[in-house]
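Work through the exercises below with the model open beside you. Each task is followed by a solution in steps.

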Amino acid sequence: MNAITEHGVYWLCIALMMTGLYIVISRDHLVKKIMGLNIFQVSVIMLYVTMAKISGGTAPILQAQGSESGEAVYSNPLPHVLMLTAIVVGVATTALGLALVVRIQLAYGTVEEDEIVRMDREDPE
Amino acid sequence: MSEHYPVLLVVLPLLAAPICLLLRHGTASRILAVLVAWTCLAMALEVLNQVTSGENISYMLGGWAAPYGIEYRVDALNAYLLVIVSVIASVVLPFGETSSDLTVRTGSLYLYHAAFLLCFCGLMGIAVTGDLFNVFVFLEVSSLASYALIGLGKGRRALRAAFSYLVMGTIGGTFFLIGVGLLYQKTGTLNMADLAVRVRELTDAGVGLRSVIAAFAFLVTGVSIKLAVFPLHQWLPNAYTHAPAKVSAFLAATATKVSFYLLLRVLFGIFGAAFVFGTLRLHVLLVPLSILAMFSCSLAAIYQRDIKRMLAYSSIAQIGYMTLGLSTNTELGLTGSIAHLFNHALTKGGLFLVVACVAFRLQSTKLEDWSGIGRRMPWTMAAFVVGGLSLIGVPGTVGFVSKWYLVLGALDAEWLPVAILILFSSLLAVVYVWRVVEIAWFREPPDDVEIKDAPLSLLLPTWILIGGTVFFGLYTEITIEVARKAAGLLLGVAP
């Protein structure tokens with residue numbers, strides 16, 4: 001019980017991660033696969049942001065002298081910045097994946113993987 | 001000027017890619033791409049020269065000091081890899097007719113060159129950077145570009161191959177990202193040299209080992225997917241078979257090699273041999289997998305009817321040799337692995353170019369269509385024979401040199417059965433190379449078709465790579481010296 005409450009957010013990340021991965025593996029619809037990948041990537045973004053956030057921590061901006069009583073607690077900005085890059089990578093992957101799905105739809109007339117596999121098998125080429 | 005070479009190796013192709021888009025002209029963008037590749041080759045050679053003669057290069061991006069800013073760090077191993085990637089790009093890019101096996105309209109060829117340059121940029125970036133998150137970014141840059149390039153292949157199967165590679169590659173990349181995150185959480189740094197020190201402190205003290213081991217597992221699995229380590233190789237045969245011939249040649253010769261370099265860096269650079277092979281005993285897992293790869297994929301190669309697919313399976317088997325060499329954890333075995341990285345890049349690049357030559361004339365990569373092709377295209381198929389000999393590991397070719405060191409490494413680790421298995425699996429390579437040679441040279445060609453040998457613009461780059469396999473097979477000191485130096489670096493202190 002303790003392990004669950006102490007690391008609550010991590011369990012959330014893991015659940016999200018496994019959901020995404022499961023969708024990628026189990027669905028035949030190619031667009032759904034892309035969605036699964038997206039969920040999977042988002043879970044990692046959450047993992048990074050979680051590790052950077054400190055409860056009560058603020059944005060790392062220098063406070064004006066005397067405006068703040070006591071020491072200010074800052075959240076770590078670096079993982080947030082890293083995740084901006086990871087988001088860009090995710091967007092690029094999604095865009096490319098969807099573009100491929102469009103071309104697969106044009107070439108095969110379907111976006112269901114099992115049908116595509118069947119068509120490839122029947123087509124001797 | 002020369003102190004900026006490490007960063008220019010990445011920036012130049014990165015800037016050239018959007019310029020290709022602006023040019024909107026196939027030939028002009030191709031000339032630009034070739035010029036960029038050649039310039040990078042010249043710079044990479046200069047960097048290698050600097051590194052082998054003196055100190056390692058450390059370049060601070062934007063002048064920010066090392067653990068805080070991004071550092072580009074070049075030692076013997078990186079420099080060697082930079083040369084390999086740029087050599088292959090310089091040889092493959094100017095190669096023959098581009099449009100013959102692409103689905104791109106001739107008017108949009110500039111897009112192909114832009115993607116090619118981005119892939120090149122990503123691979124160079126992985127090789128040169130000393131920052132772990134930077135590695136992830138370049139890994140995705142090169143992977144995204146290669147999905148697009150593979151999708152350009154003729155026929156609709158190329159699309160499906162590209163899509164499944166995209167799914168597998170993204171999972172691999174994301175695993176790598178999770179690993180980076182966990183390590184950052186434990187150590188608070190992303191710089192690889194700094195990580196090496198701090199991870200070693202953690203593992204020596206035995207604190208927080210669970211996170212470190214989880215990070216290790218994610219990093220190694222992620223890289224192994226990109227590297228196509230057996231049994232994570234399912235994406236590779238389809239991708240290499242259906243990609244355009246030039247893209248297959250480029251990717252087969254560089255992409256897996258760069259991933260292998262990354263595996264070396266993660267295992268020996270960050271975690272250190274003592275932890276990986278002493279505490280975690282990775283070789284218990286990696287050696288059986290490598291041997292399985294060597295045998296099952298060589299056997300699979302024997303039964304393929306498509307020559308590109310045969311070469312793809314052979315690639316996975318060769319990756320098995322490389323991972324076997326590193327798991328011996330001896331200097332000789334590691335030297336063999338690193339030398340094999342270079343040698344296999346030359347050999348497989350050359351062989352895929354041979355396939356491209358034949359496909360250019362014959363429009364087919366099916367084995368049964370190749371009967372008697374040796375009499376019609378003697379120069380091309382002679383190159384295949386030499387490349388095939390190198391793949392087997394016949395003395396006088398580069399394949400022999402690296403396999404020799406791999407066997408020595410296995411003996412050094414006192415794994416006699418493994419050494420015997422390496423020799424035995426080479427016999428399987430004899431079988432699949434011989435199948436092609438037999439059909440191409442000893443069968444009667446069909447009478448009705450008249451085929452000339454490949455044009456010089458195709459033959460020349462093929463023979464540059466194939467000639468390289470013989471040249472470096474005879475003058476072995478050049479590569480072995482660099483490989484040994486790199487192996488010493490990896491096994492010695494922190495990178």
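Helices (H or I, at least four residues) and strands (E, at least two) are DSSP runs, numbered from the N terminus. This is a predicted model: local features need pLDDT of at least 70, side-chain atom pairs count only at pLDDT 80 or more, and totals for chains, interfaces and linings use all residues. Residues are numbered from 1 along each chain as its sequence is written, while chains are lettered from A and ligands numbered from 1 in the order in which they are written.

**Exercise 1. Describe the two chains.**

Step 1. Check the overall form of chain B. The radius of gyration is taken over C-alpha atoms, and the globule rule is 2.2 Å times the number of residues to the power 0.38. Chain B has a radius of gyration of 22 Å, close to the 23 Å that the rule gives for 495 residues, so it is as compact as a globular protein of that length. Its C-alpha atoms fill a box of roughly 75 × 55 × 40 Å along the principal axes.

Step 2. Apply the burial test. A residue is buried if 20 or more other C-beta atoms lie within 10 Å of its own, exposed if 12 or fewer, and partly exposed in between; C-beta atoms are placed from the backbone. In chain A, 22% of the 125 residues are buried. In chain B, 63% of the 495 residues are.

Step 3. Look at contact range. Two residues are in contact if their C-beta atoms, placed from the backbone, lie within 7 Å. Take contacts between residues at least 6 apart in sequence: in chain A, 49% join residues at least 24 apart. The corresponding share in chain B is 79%.

**Exercise 2. Trace the core and an enclosed helix.**

Task: locate the largest nonpolar core, then explain why α9(B) is largely enclosed.

Step 1. Define the set. A nonpolar core is a set of buried Ala, Val, Leu, Ile, Met, Phe, Trp, Tyr and Cys residues joined through C-beta atoms within 7 Å. The largest has 222 residues, and those with the most contacts inside it are Leu82(B), Leu117(B) and Met124(B). Helix α10 (residues 245-271) of chain B supplies the largest share, 19 residues.

Step 2. Beyond four places in sequence, the contacts of Met124(B) are Leu9(B), Val10(B), Pro13(B), Cys40(B), Leu82(B) and Val85(B).

Step 3. Turn to α9 (residues 235-242) of chain B. Eight of its eight residues are buried, so the helix is largely enclosed by the rest of the structure. The cover includes α5 (132-151), α6 (157-187), α10 and α13 (307-327) of chain B.

**Exercise 3. Examine backbone exceptions.**

Step 1. Most residues other than glycine have a negative phi, and most peptide bonds are trans.

Step 2. Find the cis bond. It runs from Phe230(B) to Pro231(B), with omega near -5 degrees. Pro231(B) sits in the loop between α8 (209-227) and α9 of chain B.

Step 3. Check phi. Ala228(B) has a positive phi of about 65 degrees. Ala228(B) is in the loop between α8 and α9 of chain B. It is buried, with 27 other C-beta atoms within 10 Å.

Step 4. Do likewise for Arg281(B). Its phi is near 50 degrees. Arg281(B) lies in the loop between α11 (273-279) and α12 (283-302) of chain B. With 10 C-beta neighbours inside 10 Å, Arg281(B) counts as exposed.
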